[in-house]
Amino acid sequence: MKHRFIFAILMSFVLTFFMSAWVTYINVGFINSFINYWMSAWLLAWPAAGVISFVCAPQLHNLAQKISDKF
């Protein structure tokens, strides 16, 4: 359980950090306040992604295993 929790925190951190940068860039471009917009988006996204990752990861691991077993 500890490993699952740490993995969810780290994975959600990395994904939301880069995805929020990308989506912020697409939406506003690289403007003077880009970092502020990016950090605001990231701080909102990270907790949600952490919870979603923690809750959904076991089911997604099982689904991935079933799919990979078929191919």
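Helices (H or I, at least four residues) and strands (E, at least two) are DSSP runs, numbered from the N terminus. With that in hand, here are the views. This is a predicted model, where local features need pLDDT of at least 70, side-chain atom pairs count only at pLDDT 80 or more, and totals for chains, interfaces and linings use all residues. Residues are numbered from 1 along each chain as its sequence is written, and side-chain values use heavy atoms, with hydrogens and water left out.

View 1. Of the 71 residues, 18% are buried. Here buried means under 20% relative accessible area, exposed means over 50%, and partly exposed is in between (1.4 Å probe, protein chains only).

**View 2. Phe-13 and Trp-46 belong to one aromatic cluster.** Rings of Phe, Tyr and Trp (its six-membered ring) pair if their centres lie within 6.5 Å; planes under 30 degrees apart count as stacked, over 60 as edge-to-face and the rest as tilted. The whole structure holds 11 aromatic pairs. In one of them, the ring centres of Phe-13 and Trp-46 sit 5.0 Å apart with the planes at 70°, so this pair is edge-to-face. It's a link between distant parts of the chain: Phe-13 is in helix α1 (residues 2-28) and Trp-46 is in helix α2 (residues 34-70), 33 residues apart. Phe-13 is partly exposed at 31% relative accessibility, and Trp-46 is partly exposed at 26%.

**View 3. Phe-30 and Phe-34 make a tilted aromatic pair.** Their rings are 5.1 Å centre to centre, with 50° between the planes. Phe-30 is exposed, at 66% relative accessibility, whereas Phe-34 is buried, at 6%. Both also belong to the cluster, whose other members include Phe-17, Phe-18, Trp-38 and Trp-42.

**View 4. A nonpolar patch on the surface takes in Trp-22 and Tyr-25.** Met-19, Val-23, Ile-26 and Phe-30 are in the patch too, and together the members have about 690 Å² of accessible area. Patches are made of residues with over 30% relative accessible area and no salt bridge: like charges are joined within 9 Å, nonpolar side chains (Val, Leu, Ile, Met, Phe, Trp, Tyr) within 5 Å. A salt bridge is a side-chain nitrogen of Lys or Arg within 4 Å of a carboxyl oxygen of Asp or Glu, and accessible areas come from the Shrake-Rupley method with a 1.4 Å probe, where for residues only the protein chains shown count as cover. Tyr-25 is partly exposed, with a relative accessible area of 43%. Tyr-25 and Tyr-37 are 12 residues apart along the chain, and 9.3 Å separates their C-alpha atoms.

**View 5. Arg-4 lies over the face of Phe-54.** Its distance from the ring centre is 4.1 Å. A charge sits over a ring if NZ of Lys or CZ of Arg is within 6 Å of the ring centre and within 35 degrees of the ring normal. Look for Pro-58 as well: C-alpha to C-alpha, Pro-58 and Arg-4 are 8.9 Å apart in space, and 54 residues apart in sequence. Pro-58 is in helix α2 and is partly exposed, at 27% relative accessibility.
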